[in-house]
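Please look at the chain shown below and consider how charged side chains may pair within it. The paragraphs that follow treat a few such pairs in turn.

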Amino acid sequence: MKTHAQAVVIGGGLVGCSILYHLAKLGWTDVVLLERDELTAGSTWHAAANIHGLHDNNNVTRVQHYTMNLYKELEKETGQGCGVFQPGSLYLAKTEEREHQLRLQEAKAKYYGLNFHEVSREQAKELHPLAQFDDIRCIMFEPDGGNVDPSGVTMAYAAGARAMGAQIERFCPVTGTEQQPDGSWIVKTEKGDIHTQWVVNAGGLWGREVAAMAGLTLPLQPTEHQYFVTESIDEVANMGRRLPSIADRDGEYYFRQEGNGFLIGAYEKDMRFWAENGTPLDFAHELFPDDLDRIMENVIRATERVPCAETAGVKRVINGPMIWSPDSNAIWGPVPELKNYFCCTGIIPGFSQSGGLGLLAAQWMIEGEPQYDMFAWDLARFGDWADKKFTKARVEDQYAHRFAIHFPNEERSAGRPARVRPAYELQKEMGCVFGLNCGWEHPLWFSGTPGTQDTNSFTRQNWWEPVGREVNMLRENVGVIDISNFANYVIKGPGAFDWLDKLVANKVPTEVGRSCLTPLISVRGGVAGDFTITKVADDEYMMVGSGMAERYHQRFFNMVELPEGTTFEVATNRIAGFNVAGPKSRDMLQRMTNADLSNENFRFMRSRTIDVAGVECLAIRVSFTGDLGWELHCAEEDQVKLYSALLAAAAEFDGGPVGGRALGSLRIEKGYGSWGREYSQEYWPQEVSLAGLVKLDKDFLNKEAYLKVKDNAPREMLVGFEIDAVNDADASGGEPIFTPDGKPVGRVTSGAYGYSVGKSLALGYADPKVAQPGDEVEVYILGKPHKARILEAAAFDPSGARLRA
C-alpha cells in the first residue's frame with residue numbers, strides 16, 4: 001500500500017469511486033481509495049438507481065445531465081457494464097401546481113437543449129400500455145430517463161480509476177485522520193499510514209464517523225427506506241420491450257420495470273430513523289426487516305396507476321438505510337475550518353448526480369474552484385446551529401415530503417427556530433412571518449395578526465398585498481428593516497488595513513468614517529462576494545456581507561494571512577442591525593439623535609458612531625432599498641430597545657416595520673444584485689456591472705485570475721426585465737428566457753412585483769449576442785411564455801437621486 005498520495009478518498013461506494021475516477025481523469029493519478037469492506041458496501045449496493053436529468057436547481061440539472069451521459073462513456077472506456085436502461089420516464093401531474101412545475105421544467109429543458117417534452121394521454125398510453133392516465137391533466141416524457149446497475153456503475157468508476165494509476169485498498173478500515181502543521185494529513189489504517197495532501201470524506205453511511213476523526217460534526221441522519229420488486233408479470237413479459245418508468249410525484253411513489261416485473265418504492269409519511277447515535281461499524285450488506293404495511297397507501301396508488309401490478313406476488317423487499325442532510329442535498333465541499341479536507345456525503349439521488357459530484361469535487365481540489373456555483377450542495381450552507389435536533393426534524397420533513405413541490409418563497413417550519421435574536425418575540429407579537437437564513441429567524445413580512453403563516457403556490461399568495469403595503473410605505477414615508485441576518489466581521493490591529501486591502505478588489509478606506517462597496521474575486525476570476533467595508537476607528541474596520549455566505553466566505557478569508565497583532569472576528573452573533581430607509585428617514589432619525597444627519601454633514605457612503613434613542617450605533621449611510629437611508633448596527637443586547645424606539649418614531653411619520661420580501665422587491669426595482677442569486681463565482685465583474693469597483697493599481701486576492709478574464713467580452717450580462725405577468729404570478733428565479741422566435745436568451749435570477757412602479761420585474765442574465773436592452777423577449781413563468789422587455793436602466797429612480805438626497 002502507498003505511504004504517500006496526493007489525495008486519499010475514504011469510502012468505496014458510488015460517490016467515492018466517482019471522485020477517485022475524476023481526480024485521476026483531471027491528472028491526479030497518485031491517489032488512493034480506502035474502503036473498510038467491499039466496494040458498494042453501505043447504501044450503494046441496494047439503491048434503486050433511477051436516473052433523471054432535470055432538477056429545480058439549474059446547475060444541478062447541468063451536472064445530472066453530465067452524469068447520465070457519462071455512464072455509456074464509462075462502459076466504452078472501461079469495458080465494465082453499467083447496466084444502463086433508458087426506456088424513458090413519464091412525469092405525471094394531477095394538480096395545477098404540479099402542472100406548473102412540469103411546464104417550467106419543460107421550458108428549462110428547451111433552454112438547456114435537453115429532451116423533456118409534453119405528450120398526450122394517447123401517446124403516453126402507447127409508451128406504457130399497462131398504465132392508465134384518465135385522472136392526469138399533464139404528462140411529460142423524458143426519453144433518457146431510466147436506471148442503471150448500482151454495482152456495475154461503481155465498478156466502472158473503480159476500473160477507470162485503476163487504469164489511470166489510482167489505487168484501491170479494500171478491507172482497509174481507516175482508524176484516524178491527523179492534520180499536520182503544514183496542513184497535510186496522516187490517514188491511519190490497519191495496514192499502515194498514508195501521508196496525503198487531501199483527505200476526502202466519502203464515507204456515506206459512515207460520513208459522521210469519518211468526520212469525527214477530524215473533529216467535525218456533520219448534519220446527517222440515516223433513515224430506513226423501502227422498495228420491492230414483484231414476481232414476473234405476463235403482461236410485462238409479453239411486451240417485447242422495456243416500459244418507461246413512471247414518476248407520479250402527486251401519488252408519492254416511484255415505479256419502473258425490473259426484469260419482467262415492477263419495482264415500486266415510496267417515501268412514506270410514517271418514516272423511521274436509523275442509527276441516531278452512530279452507524280454500526282460492522283454494518284455492510286445487511287438489510288432491515290420488511291415493513292411493507294408502512295408504505296401500503298403509496299403502493300395502492302401505484303397499483304391503481306398500473307392495475308396488473310395489483311395481483312403480482314412480491315419477489316423481494318429491500319429495506320435499507322439512506323443518509324440524509326437537513327435539505328436532502330449533498331454535504332459537499334472543503335471544510336472551511338480545516339485545510340485540505342473535502343466532504344462528499346449525504347447524497348440521495350446519487351445515481352443521477354455521481355458523475356457531477358465527482359467531476360466538480362476534483363475540480364475544486366485540483367483547480368481551486370468548481371466551474372459551477374454549487375452553493376446548493378456546499379456544506380458551508382450549514383453551521384453549528386444545524387445541530388442534531390434540527391437535523392432530525394428537517395430530515396423527517398424532507399423524507400416525508402420527498403415528492404412535494406418546493407414552491408417559490410416557500411419556508412418550511414420543521415426544526416425551527418434554530419437561532420433567534422432578542423427582538424424575535426416582539427416581532428411575533430406584531431404578526432411577523434419569519435424566514436430562515438443561516439439558521440436565523442428573520443422577518444419576511446408583517447401581517448399584524450400573530451400566528452399568520454404563508455400560503456404557498458406558484459401564483460401570488462397571501463403575503464402579496466401586505467408586502468406591497470410595506471414597499472409603498474417605505475417609498476412614500478419610512479420603513480424599518482431588520483438586517484440582523486447580515487454577516488458582520490470586525491478586523492482590528494495594526495495590519496487591519498493591509499489584510500483587507502490584500503483581500504478585496506476595491507480600495508479600502510483609509511479615513512475614519514468612510515465606507516466602500518467592494519467585490520471579492522474568486523479563484524477563476526468571478527465574483528465570490530460583495531461587501532461593505534467601513535473604517536470605524538484607527539486600526540479597526542467593520543465588514544458586512546451576505547449572511548448565508550458567512551461560512552462560505554471563510555475559505556477566502558483564510559487565503560490571506562493575518563498580519564501579526566491583527567485579529568479577525570466573526571461578530572454576527574453579537575451585532576444586530578436595522579436599515580431605516582425612505583424619504584422621511586432623515587427627519588425621523590434626526591428626532592432620535594443629536595448627530596447632524598444633513599446631507600452636507602453625513603453624505604452617502606459615510607459613517608460614524610452615534611447615539612440613537614440612548615443606544616450606541618454604528619450608522620452607515622447606505623441602503624439596499626435604493627432609497628435614502630442608514631444602516632444602524634448595535635450590540636445585540638440593545639436590539640429590542642433600539643427597535644422599539646425606531647418603530648415608535650416611524651409611526652409618527654406613517655412608517656413601520658418592513659420585511660425581507662419587501663426588501664427583495666425594492667432591490668429588484670433598483671437592479672441591485674444579491675449574492676447567491678445574481679453574484680457568484682461563475683460570473684465575471686464585467687458581467688454584473690462591478691468591474692468599476694475592481695482597482696488594478698493594487699494587489700488583491702486572485703488578481704491574476706481576474707487579469708486573465710477582465711478583457712473578455714461578457715458571455716452574459718446581468719440586466720433587468722419588465723414582464724407582462726398576466727397569470728397573476730411573478731418570476732421567482734430559474735425561469736428561462738427566449739427571443740420571440742425561440743432563441744435562448746438567458747434565465748431569471750430574482751423576480752418580484754415592483755410595487756413602486758406597478759410592474760412585474762426580474763433580474764437575470766441575457767446573452768448580449770442574442771438580446772440587448774430595449775429588446776422584446778419572453779420569460780417562461782409557470783412554464784408559459786410571457787412578453788417582457790429588457791430594461792435600459794433601473795425601473796425605479798435610475799439616476800440614484802433619492803439614495804443621495
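**Salt bridges across the chain**

Arg460 has a relative accessible area of 19% and is therefore buried, since the limit for that class is under 20%. The model discussed here is predicted. The partner of Arg460 is Asp728, and their side chains form a salt bridge with an N to O distance of 3.4 Å. This pair connects distant parts of the chain, 268 residues apart. Arg460 lies in the loop between strand E20 (440-446) and helix H12 (464-476), while Asp728 belongs to the loop between strand E32 (717-723) and strand E33 (736-738). Asp728 is partly exposed, with a relative accessible area of 40%.

Side chains of opposite charge can pair when their charged atoms come close. A further case is Glu682 with Arg62, whose closest N and O atoms are 3.4 Å apart in a salt bridge. Here 620 residues separate the partners: Arg62 sits in helix H2 (residues 58-78), and Glu682 in the loop between helix H17 (660-670) and helix H18 (703-709). Glu682 is buried at 14% relative accessible area, whereas Arg62 is partly exposed at 23%.

The loop between H17 and H18 also holds Asp697, which is linked to Lys507 in the loop between helix H13 (496-503) and strand E23 (515-521), 190 residues apart. Lys507 is partly exposed, with a relative accessible area of 41%, and Asp697 is exposed, with 56%.

Salt bridges may also share partners: in this way Glu99, Arg103, Glu118 and Arg137 are joined into one network. In total, the model contains 50 salt bridges.

Technical notes:
Residues are numbered from 1 along each chain as its sequence is written. This is a predicted model: local features need pLDDT of at least 70, side-chain atom pairs count only at pLDDT 80 or more; totals for chains, interfaces and linings use all residues. Side-chain values use heavy atoms; hydrogens and water are left out. A salt bridge is a side-chain nitrogen of Lys or Arg within 4 Å of a carboxyl oxygen of Asp or Glu. Helices (H or I, at least four residues) and strands (E, at least two) are DSSP runs, numbered from the N terminus. Buried means under 20% relative accessible area, exposed over 50%, partly exposed in between (1.4 Å probe, protein chains only).
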